[in-house]
Amino acid sequence: MNAYVNRLRARVGADYIVVGDVHGIRLAHPNADRLGKPMEGGDNAQPLAGHEIVNTATGSLGLAVRGKVPIRSASGRVVGVVSTGYLMPRVRLLALRVARAILPWFLLTLGLGTLGALLIARLLKRQILNLEPEQIAALVGQHRAVLAALREGVIAVDAAGNVTLANDNAAELLGRQLSSTDLAMRPPLLQALWPELWAVDLGSPLRNLGLQLHGQPVIVNVEPLHGGGFVASFRDRAEVVRLAEELTQVRGFVEVLRAQTHEHLNRMHTISGLLQLGRPDEAIKVVREEVRRDSDLRELLRGIQVPRLAALLTGKRDRAAELGLNFMVEPGSELSARWESAGEALLTAAGNLIENAFEALRGAGGGTVTLSVGEDPEGMQLEVTDDGPGVPEDIVPQLFERGTSSRGQGRGYGLTNVSTRVTALGGDVRYLRRGPLTVFQVSLPVGAAGPAALPPVVPGLPGKVPR
């Protein structure tokens, strides 16, 4: 019977068919050594009671889904039970089957993913200029330090017109809080932040562009970026003008000192040569002539009680002698010490106007420059004249605008500085022709000066002043 049952099991594809008697003793089993032993699973009660069941239970061969039906005699009495089972797959076997099934696809996916990751990594590294993460972090730190150290305001604007970067000085000049977090989350539009800059054609580099920022004049430099957008640096124009004036004064003082040095060396060489040639009388004559010239100039400058202006005029005389020109101070020129408070403006005006006159006369082959200065109850007037060719008629209307010059590129800032400084004190600068003379006039109101100094009191005579 066992052989017949096993052939039947193979035909139906079951994992096992077990036949047991009314006491649950195996009469047929796939493993012959288990015949005559009790059936396992504890679920024979219902089949032996005449009921068919299907359940999951663990037998001698393992966990299985099995159906059990009773065996009846010809009279209908239950004489045994048949159990047909299908073993549940084990987790390990199931995992192995799944692994065998997906392993080729897994390897293919792994290979494609690795190749894609390498390509993306190469492309990304090319985009970040082949820098390593620590190098990028160092560059970002340096970038922030450079922006913080710059005295100019710096902003970066993308192709859509959003302000994506701004240093502290830019935020201060723009009058808004522009933290890096705000710029990353909600970048403001340049059109709303600075309409004057947005209205400019920014397709090419711009240098020293004069614009208004909330009514304040600024100097702007613009550098376009590849792919759209630009970086702009800007600075308060008043600060730029002040630095330009300081540089002009320093250059003027250097020129004066150099001229004085050359003149002094020339005189010393002349005196030394005369003495070596045995002509002491002529050497003494040269010394006396120099003393006379210095005495005459000191006498002319006696009425100018602004020491810096008097020193500048002394140096300009030596500068004129070096250039082969004549420089004169108009007799009767006077200026009280109260104008010392406007000394910077006076130095800027006198220095630039005299130097411009020197340049004009050098191009004309020589001539004379004359300065006169005086004051009255309404203010102060300074005038510089020369007998040069004058200013070309075509540039006279914009003579005091920045960059206007008849001497080529990179010039035309001196008169602008003079006009800016004088206008800031409420004065004005004028140009005119007086016959064959070129005339520049500078006027300052009395309000630009300090309080008038009181005459000194004579010791021992309270309330009396010298007459």
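Residues are classed by relative accessible area as buried (under 20%), exposed (over 50%) or partly exposed (in between), with a 1.4 Å probe and protein chains only. The structure is a predicted model, in which local features need pLDDT of at least 70 and side-chain atom pairs count only at pLDDT 80 or more, while totals for chains, interfaces and linings use all residues. Residues are numbered from 1 along each chain as its sequence is written, and side-chain values use heavy atoms, with hydrogens and water left out.

The protein contains 13 helices and 15 strands. These elements are DSSP runs, numbered from the N terminus, with helices (H or I) of at least four residues and strands (E) of at least two. Of the 467 residues, 33% count as buried. Contacts are defined by heavy atoms within 4.5 Å. Among contacts between residues at least 6 apart in sequence, 49% join residues at least 24 apart.

Helix H1 spans residues 2-12, and its buried residues are Asn-2, Val-5 and Asn-6. Seen down the axis of H1, these buried residues fall within an arc of 100 degrees, so they line one face of the helix; the arc is that of the directions from the helix axis to the C-beta atoms. Tyr-4, Arg-7 and Arg-11, on the other side of H1, are exposed. The cover over the buried residues of H1 includes strand S1 (16-21) and strand S2 (26-28). After H1 comes Gly-13, with a positive phi near 80 degrees.

Nonpolar cores were identified as sets of buried Ala, Val, Leu, Ile, Met, Phe, Trp, Tyr and Cys residues joined through side-chain atoms within 4.5 Å. In soluble globular proteins, nonpolar side chains tend to be buried together. The largest nonpolar core here has 42 residues, and those with the most contacts inside it are Leu-313, Phe-327, Leu-335, Trp-339 and Leu-371. Elements that each supply at least two residues of this core include helix H11 (307-323), strand S11 (326-329), helix H12 (343-364), strand S12 (368-376) and helix H13 (414-424). The largest share of this core, nine residues, comes from H12. Another core, of 23 residues, lies apart from it and has Trp-194, Leu-213, Val-218 and Ala-232 among its members. In the largest core, Leu-371 is one of the residues with the most contacts. With residues up to four places away in sequence not counted, the residues that Leu-371 touches include Leu-313, Phe-327, Ala-350, Ile-354 and Leu-382.

A search of the whole structure finds 13 salt bridges, a salt bridge being a side-chain nitrogen of Lys or Arg within 4 Å of a carboxyl oxygen of Asp or Glu. The side chain of Asp-43 forms one with Arg-66, at 3.2 Å from N to O. This pair links distant parts of the chain, 23 residues apart, with Asp-43 in the loop between S2 and helix H2 (45-48) and Arg-66 in strand S4 (residues 62-72). Asp-43 and Arg-66 are both buried. Asp-43 also meets Lys-68 in a salt bridge, at 2.5 Å from N to O. Here again distant parts of the chain are linked, as Lys-68 lies in strand S4, 25 residues from Asp-43. Asp-43 and Lys-68 are both buried.

A further salt bridge joins Glu-132 to Lys-125, with the closest N and O atoms 2.8 Å apart. Glu-132 is partly exposed, at a relative accessible area of 32%, and Lys-125 counts as partly exposed at 32% relative accessibility. A network of salt bridges links Lys-316, Arg-319, Glu-322 and Glu-355.

Val-240 lies in helix H9 (residues 237-276) and is partly exposed, with a relative accessible area of 30%. Apart from neighbours within four places in sequence, Val-240 is in contact with Ile-219 and Arg-235. The C-alpha atoms of Val-240 and Val-218 are separated by 8.7 Å, the two residues being 22 residues apart along the chain.

Pockets were located on a 1 Å grid over the protein atoms alone, as open sets of points with protein on both sides within 12 Å along at least five of seven lines, a 1.4 Å probe being used and lining residues having an atom within 4 Å of a point. Grid points are joined across faces, edges and corners, and a volume is the space filled by probe spheres set on the points. The second largest pocket has a volume of about 400 Å³. Its lining has 19 residues, of which Ala-166, Asn-167, Leu-178, Ser-179 and Ser-180 lie nearest the centre of the pocket. Helix H4 (133-149), strand S7 (163-166), helix H5 (168-174) and helix H6 (180-185) each supply at least two residues of this lining. The largest share, five residues, comes from H4.
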